Amino acid sequence: MLKVGIVGCGMIGKEHAKRIQYKIMGAEVVAVCDVFEAGAKAASDLIGGVKIYTDADALIADPEVDAVVVTTPGNFHKNPILSAIKAGKPVFTEKPLTTTAADCKEIVDAEMASGKHLVQVGFMRRYDRGYNQVRELIQSGEFGKPMILKCTHRAESVDDSYTTEMAVTDTAIHEIDVLPWLIGDGEEWDEVQCLFPRTTKNAHEGLADPQVMIMKTKSGVICVLEVNVNCGFGYDINCEVVCEDGVINLPCPSFPTTRKNFEVATAIEKNWILRFIDSYDVELQDWVDNVAKGTTGGSSAWDGYVAAVTADALVAAQKSGKIEKVVTGGTPDFYKK
Ligand code: ISE
């Protein structure tokens, strides 16, 4: 049984604590940590009462903790990940790996120096059934080569702490990671651009929303992504892949179709926790299974670094209004699959 310690007891931390304790096989949570003791206590209570820490390093050093899950806000990911690597303990971190490419590089360097693959980044879309089905269809070659990706990343609303940059670093970061994986191994972003249409009346003061992000891969596939986080009607993720010999659409979660009052209707998922609930389950089970074999699955620290470099370029593009290059320097042998 893998004994897990969780660092960060906010919303996703509590979700993962319950998931690991009650759904995932081969693992249990033995300790939780939050700088706010009350937060750690609340998470501990949810899972039957486990050890509580307010210092992440103390949790990581606990000999009973075999592996670490990091669910703090993204800008606090770096230190617990580095401590886990130093302690030689496998670490699953929620996305993004960290919020800057420089911090991600430090993690990549530390992991390579340790000589072991210890870090998995929680880009859960790589575990989503729909994305995997689309990937298989692309890989079958039946549709020819992909040329255009038309994607939407819409959310009902965001709170006042959400910034224009977060449309990239917190939201589009999912497409940044999943789309190259979706269309082909070895695919990489080459250049990115961001356009600002008229801002919706539903956005809070200072937030530019929606945004249109245009990203081109090295092989010439162009993605047009609408990030629209105050759409008001639900959490709506779409991805259409236009290929040479046909078009593939990502399936949406299925809901009954109803007919009433001269209307045909079907529901849209309310939020990301519900939309990707199954993906999170599969993802954490895969992490635990991989840890048991001494490996990692999903997105590596290098993938997390590449996503951060791309996000940095997109944030620069938001500011410059120009096309910006994505320069990663090439995959080190350590991370080649
Ligand atoms: C959130 O952290 C997610 O992971 C969601 O998928 C994304 O849509 C949202 O913008 C993020 O805040």
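Helices here are DSSP runs of H or I with at least four residues, numbered from the N terminus. By that count, H7 and helix H10 (301-320) each put at least two residues into the lining of the second largest pocket. This is a predicted model, so to speak of local features takes pLDDT of at least 70 and side-chain atom pairs count only at pLDDT 80 or more, while totals for chains, interfaces and linings use all residues. Residues are numbered from 1 along each chain as its sequence is written, and side-chain values use heavy atoms, with hydrogens and water left out.

**The ligand and its shell**

- Around the ligand (a heavy atom within 4 Å) you'll find Lys95, Met124, His153, Asp170, Thr171, His174, Tyr235 and Trp272.
- Helix H7 (residues 166-183) gives the most to this shell, with three residues.
- Sorted by class, the shell has three nonpolar, three polar and two charged residues; Ala, Val, Leu, Ile, Met, Phe, Trp, Tyr, Cys and Pro count as nonpolar, Asp, Glu, Lys and Arg as charged, and the others, Gly among them, as polar.

**Polar contacts (N or O pairs within 3.5 Å)**

- Thr171 has a polar side-chain atom 2.6 Å from an oxygen atom of the ligand.
- For His174, a polar side-chain atom lies 2.8 Å from a ligand oxygen.
- Lys95 has a side-chain N or O atom 3.0 Å from an oxygen of the ligand.
- On its own the ligand has 300 Å² of accessible area, and the protein covers 85% of that (Shrake-Rupley, 1.4 Å probe).

**The largest pocket**

- A pocket is an open set of points on a 1 Å grid over the protein atoms alone, where a 1.4 Å probe fits, with protein on both sides within 12 Å along at least five of seven lines; lining residues have an atom within 4 Å of a point.
- The ligand sits in the largest pocket, meaning more than half of its atoms lie within 2 Å of the grid points.
- Its volume is about 1,400 Å³, taken as the space filled by probe spheres set on the points.
- Of the 47 lining residues, Ile12, Thr72, Pro73, Gly74 and Asp170 are the closest to the centre of the largest pocket.
- H7 gives the most to this lining too, with five residues.
- The lining of the largest pocket splits into 21 nonpolar, 17 polar and nine charged residues.

**The second largest pocket**

- About 500 Å³ of space lies in the second largest pocket.
- Gly186, Glu187, Asp303, Thr331 and Lys337 are the closest to its centre among 22 lining residues.
- By class, that lining has eight nonpolar, five polar and nine charged residues.

Methods. A polar contact is a pair of N or O atoms within 3.5 Å; within protein, one must be able to donate a hydrogen and the other to accept it, and residues adjacent in sequence count only if both atoms are side-chain atoms.
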